[in-house]
Amino acid sequence: MSVSSSSSIYRLQPVHDHHHHHNDQAVGDDEGDDEHPIAYEIEDQSNLDRTFFKIRYRSNSAVSNTSSNELSHSITALTPLSINNASPNVSTAITTPAVLPIIKVLGTGGTIASKGQSSHQTAGYEVDLTIEQLVQSIPDISSTCLLEYEQIFNIDSKEFDTSHLLQLYTKIVEDLSHYDGIVITHGTDTMEETAFFLQSTINTFKPIVICGSMRPSTAISSDGPMNLYQAIVIASNRESRGRGVLIALNDRIGSGYYITKSNANSLDTFKSIGQGYVGNFVNNEIHYYYPSAKPLGLTYFNLTDDNNEDATTIILPQVHIIYAHQGLDNQLLKLTIEQLHSQGLVIATMGAGSLSDETNQYLYDLIGNTTFPVVYAKRSMDGMVPIGSIPKVLSEDEKRINFNNAIAGGYLNPQKARILLQLCLNQGLDLNEIKKVFKGV
Ligand code: ASP
């Protein structure tokens, strides 16, 4: 693979005379066991999120038993028998690793898992393909990674709600210590929301790559198998570490934090105009444009206080989105806040935070003496709402004051801002703390 690396990768030769295997079919044979590992690997991850060394070892039997296939030790705990410095030719280290990465593919549905009535049907199809069938549709990947897969649910992504997000979150958190990367197959319609949620709740340097397709599996030139193949290769590549949740479609690699579905029909739909892509996939090569980095505005929310807490029981606070337009009926704001019991509101404003003077004043009169948060996001796909756009309103004593409940939504689109506000409220943050979270987004 054409990748460049600044991290040092050292590989230890096996301490026992068992040989490596590169094939998941070999699971369960008698080449190694937990006490007699077949390969060691040390990686220096100091250029990523943390500075530490990790040594892990893996045996054949541990590969089949994923609950014990990865153990971390202090670097002082083991004395390597021999160190084989695989750098500077990192490409070789990546294509022929001492230990193949183990990747978990989680199937959730979407067009990638859908079938139409004919090969030219590209709308109105239905989810009808299991993750097993999907994985079978891609070429042999056994020299890149060991692959495991699991169906979490199989739905169109328009059916996703918070309970699906939390189920997916819980599964990934469970799996992360056992796998080197996670791939999620997902409908494209709400993929960006899932990506943003997972990015904001799972703090890991391991790659989480979400993919989907715009054409169903039955269509001529369906993009599903290629997108899934690319996502798996991306998740298997150590250069993908420390980049947060990625969305991989149509040869493009984007940051799940920013990227959005820009076209309802075409294959080249995922875009983040201002932030761009993080990389490209071409001719089986991954080309990252920048070193590993996560978005500067990112805040992590710990969903469970202790590890035993069941995240699937969490009910995230209700936050509604109101889409502003010429002649917006202010009653909509009142009804949403009072009748739908919103705990926060996101408004897709008409420009960089613009709502009519009347609407701003109406909102202030409605909630001005409370701590109810209102995020001013934007309808436009690109650009941002700066703090300077927060409106002024007339107070009870006729003074022009800043509308204190209003929060500038930054670069986030309304659907991402909604998730962020839900996470803030779930964490019990007050208005000022919420403003701080939104400050860098
Ligand atoms: N309807 C599909 C979905 O589940 C669209 C897609 O996947 O492209 O979002």
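Student: Where is the place of Asp-175?
Tutor: Asp-175 sits in helix 4 (residues 162-176). Helices (H or I, at least four residues) and strands (E, at least two) are DSSP runs, numbered from the N terminus. Before going on, note that this is a predicted model: local features need pLDDT of at least 70, side-chain atom pairs count only at pLDDT 80 or more, and totals for chains, interfaces and linings use all residues. Residues are numbered from 1 along each chain as its sequence is written, and side-chain values use heavy atoms, with hydrogens and water left out.

Student: Is Asp-175 buried or exposed?
Tutor: Buried means under 20% relative accessible area, exposed over 50%, and partly exposed in between (1.4 Å probe, protein chains only). Asp-175 has a relative accessible area of 4%, so it is buried.

Student: Which residues does Asp-175 touch?
Tutor: Contact means heavy atoms within 4.5 Å. Not counting residues up to four places away in sequence, Asp-175 touches Lys-104, Leu-106 and Ile-182.

Student: How many residues of helix 5 are buried?
Tutor: Helix 5 (residues 191-201) is mostly covered, with 10 of its 11 residues buried. Among them are Phe-196, Phe-197 and Leu-198.

Student: Which residues of helix 7 are buried?
Tutor: Here is the general idea: an α-helix has 3.6 residues a turn, so residues three or four places apart point the same way. In helix 7 (residues 331-339), the buried residues include Leu-333, Thr-336 and Ile-337. Seen down the axis of helix 7, its buried residues fall within an arc of 90°, so they line one face of the helix. That arc is taken from the directions from the helix axis to the C-beta atoms. The buried residues of helix 7 pack against strand 17 (319-323), strand 18 (344-349) and helix 8 (357-367).

Student: What is the phi of Ser-221?
Tutor: In general, most residues other than glycine have a negative phi. Ser-221 is not a glycine, yet its phi is positive, about 55°. This residue lies in the loop between strand 10 (208-211) and helix 6 (224-236), and at 53% relative accessibility Ser-221 counts as exposed. Asn-284 also is not a glycine and has a positive phi, of about 65°. Asn-284 is in the loop between strand 15 (279-282) and strand 16 (285-288), and counts as partly exposed at 35% relative accessibility.

Student: Which residues surround the ligand?
Tutor: A residue is near a molecule if one of its heavy atoms lies within 4 Å of it. The ligand is surrounded by Gly-110, Thr-111, Asp-156, Ser-157, Gly-187, Thr-188, Asp-189 and Ser-213.

Student: How many helices and strands are in the protein chain?
Tutor: The protein chain has 10 helices and 22 strands. Of its 441 residues, 52% are buried.
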